[in-house]
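Visitor: I am new to this structure, and I would like to learn how to read its features. Please take me through them one at a time.

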Amino acid sequence: MKPKTFKKQITCIGAGYVGGPTMAVIAAKCPDIKVTVVDINPGRIAAWESDNLPIYEPGLLDVVKKARGKNLFFSTDIDAAIRSAEIIFVSVNTPTKTFGDGAGKAADLQYWEKTARSIVKASKSDKIIVEKSTLPVRTAHAMERILNANSKGIHFEVASNPEFLAEGSAVKDLLSPDRVLIGTQETKTGLAARKTLVNLYAHWVNSENIITSNVWSAELSKLVANAFLAQRISSINSISAICEKTEADISEVAFAIGKDSRIGSKFLCASVGFGGSCFKKDILNLVYLCEHYGLSEVAQYWENVIRINDYQVTRFVRTMLQAMFNTIAKKRIVILGFAFKANTGDTRESPAIYVTKKVLEEQAHVVISDPKALANAKIDLADCREKIEYEKDPYAAAKGAHALAVCTEWDEYRTLDYKKIFSLMEKPAFIFDGRNILDHRRLFEIGFNVFPVGKRPLTHY
Ligand code: NAD
Ligand code: UGA
């Protein structure tokens with residue numbers, strides 16, 4: 001059979017939480033385009049080629065299966081994929097720098113720069129290079145300088161097309177995004193690249209949801225979107241602390257303020273604190289940029305969003321300790337949920353990591369339970385010298401436990417048989433609901449001492 005010819009070829013460098021799902025959706029929606037996803041990690045590529053995908057994301061396997069082998073390919077041959085593509089999306093990781101100037105705040109751009117150099121080396125024709133990774137504002141300028149300092153006469157047009165998907169709902173977010181943002185230069189080649197990218201997304205996204213801007217606005221908008229979302233969580237979490245002192249109830253307060261259409265009801269769930277690979281890193285990145293431009297008041301303002309988040313998780317552990325008579329040494333504590341949020345196996349920056357480490361410092365016996373994140377939990381806690389138990393089954397985990405600490409809002413935790421769990425536990429039995437997902441009154445009636453976030457505790461003593 002003659003090999004299928006495609007209208008266009010796209011390559012994505014970086015087959016992670018963003019590259020994999022984003023490209024799978026582009027391939028599924030654009031059968032006339034060949035999409036190749038490459039990575040330096042052969043294990044990841046092999047997993048994308050199997051039915052055991054490297055990340056857990058509801059609905060993802062179906063989308064991948066729809067296109068894989070037809071117009072969606074995974075490969076470790078990065079040079080070949082660069083050469084054949086007209087558009088290259090780069091979605092490699094951009095973690096916080098851990099060394100040198102800007103350590104602990106600035107973005108570590110080494111993976112991005114390495115990719116840019118590979119692109120220059122392997123390319124034989126003009127290309128559009130798309131920043132899919134989240135990058136500091138004005139990165140495109142630096143990248144363009146590296147890319148266009150080639151002696152082959154090749155032109156690289158750098159565009160910013162930040163990704164706004166949230167883990168756990170990535171497929172849904174990609175299929176019907178609130179907006180797709182495309183930032184390009186307003187030059188002839190920049191505007192041509194803008195048109196190409198708009199046409200790509202127009203395969204399935206309504207034109208009013210595809211917005212365009214200059215490159216710097218697009219780069220900055222991504223950092224600001226995450227900063228605003230995280231700020232809402234820190235705002236409501238800060239109010240949860242005053243609720244606990246005054247007998248106001250955080251759910252009632254969030255509902256009341258969220259009814260104001262100017263405020264809105266989303267992202268007002270008080271919690272043990274936000275986690276995830278991006279909120280903290282992107283705010284730190286914003287803080288670093290503000291400091292770089294001499295805007296120290298602005299830097300401090302955003303840094304406080306992170307401070308409140310650290311405060312919230314510290315407060316959660318302190319509440320546990322105080323409630324359990326100021327000692328949890330040798331007590332069996334179950335961390336119910338280790339993923340940074342429900343419907344993902346991702347544990348990057350999960351508040352559960354901090355809670356676990358603090359509870360271990362108090363010499364408690366820790367049991368970690370999670371439906372999807374135990375493999376990652378083992379990696380996160382590999383350095384801990386203390387013995388930690390990993391138990392997927394919440395009932396087995398609860399056997400002989402003194403306390404349960406809910407750290408992830410998995411739906412299945414709402415409907416566990418808590419009467420049975422109570423009967424399995426040591427008494428007095430405690431539940432610390434770091435996600436406010438349980439029926440606190442019912443748990444109290446079963447016999448538990450219940451400590452929600454931002455609400456009056458229900459205790460039998
Ligand atoms: P990830 O760590 O899951 O994936 C990055 C991949 O890039 C890895 O598989 C790594 O092996 C690969 N890689 C690194 N250097 C490479 C190179 N030189 N050549 C080829 N492959 C290379 O990261 P992620 O969560 O997908 O995030 C990627 C970017 O997207 C980050 O900038 C992040 O801030 C941003 N982002 C992430 C999310 C999210 O939900 N995770 C959402 C929006 C934006
Ligand atoms: C977030 C953004 O929502 C995405 O738009 C963005 O693309 C992504 O970061 C990114 O750049 O990586 P994500 O981190 O996957 O997505 O998940 P969120 O739903 O935003 O949750 C982040 C954290 O906040 C989780 O720990 C979650 O449990 C917590 N959260 C969320 C709360 O504590 N309260 C809330 O009301 C909402």
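Visitor: Is Tyr301 buried, exposed or partly exposed?
Guide: Burial is judged by relative accessible area: under 20% is buried, over 50% is exposed, and partly exposed lies in between, using a 1.4 Å probe and protein chains only. Here Tyr301 has 48% relative accessibility, so the residue counts as partly exposed. Keep in mind that this is a predicted model, in which local features need pLDDT of at least 70, side-chain atom pairs count only at pLDDT 80 or more, and totals for chains, interfaces and linings use all residues, while side-chain values use heavy atoms, with hydrogens and water left out. Residues are numbered from 1 along each chain as its sequence is written, with chains lettered from A and ligands numbered from 1 in the order in which they are written.

Visitor: How many aromatic pairs does the structure hold?
Guide: A pair of aromatic rings is described by the distance of the centres and the angle of the planes. Rings of Phe, Tyr and Trp (its six-membered ring) pair when their centres lie within 6.5 Å; planes under 30 degrees apart are stacked, over 60 edge-to-face, and the rest tilted. There are 14 such pairs in this structure. In one of them, Phe228 and Trp302 have ring centres 5.6 Å apart and planes at 35°, so the pair is tilted. Phe228 sits in helix H9 and Trp302 in helix H12 (residues 296-323), so this pair ties together parts 74 residues apart in sequence. Helices here are DSSP runs (H or I, at least four residues), as are strands (E, at least two), numbered from the N terminus.

Visitor: Now for the ligands. How many residues surround ligand 2?
Guide: A residue is near a molecule if one of its heavy atoms lies within 4 Å of it. For ligand 2 there are 21 such residues, and the closest are Phe164, Leu165, Ser271, Phe340 and Arg435. Helix H9 (residues 215-246) gives the most to this shell, with four residues. By class, the shell holds twelve nonpolar, three polar and six charged residues. Ala, Val, Leu, Ile, Met, Phe, Trp, Tyr, Cys and Pro count as nonpolar, Asp, Glu, Lys and Arg as charged, and the others, Gly among them, as polar.

Visitor: Which residues are the closest to ligand 1?
Guide: Asp39, Arg44, Thr94, Glu167 and Lys281 are the closest of the 26 residues around ligand 1. That shell has nine nonpolar, ten polar and seven charged residues. A polar side-chain atom of Glu167 is 2.9 Å from a nitrogen atom of ligand 1, while Lys281 comes to 2.6 Å from an oxygen atom and Arg348 to 3.0 Å from an oxygen atom. Of the 830 Å² of accessible area that ligand 1 has on its own, the protein covers 91%.

Visitor: Where is Ser133 found?
Guide: Ser133 lies in the loop between strand S5 (127-131) and helix H6 (139-148), and at 8% relative accessibility this residue counts as buried. The side chain of Ser133 reaches the backbone oxygen of Val92 at 2.7 Å, and a 3.2 Å polar contact joins it to the side chain of Trp112.

Terms used: A polar contact is a pair of N or O atoms within 3.5 Å; within protein, one must be able to donate a hydrogen and the other to accept it, and residues adjacent in sequence count only if both atoms are side-chain atoms. Accessible areas come from the Shrake-Rupley method with a 1.4 Å probe; for residues, only the protein chains shown count as cover.
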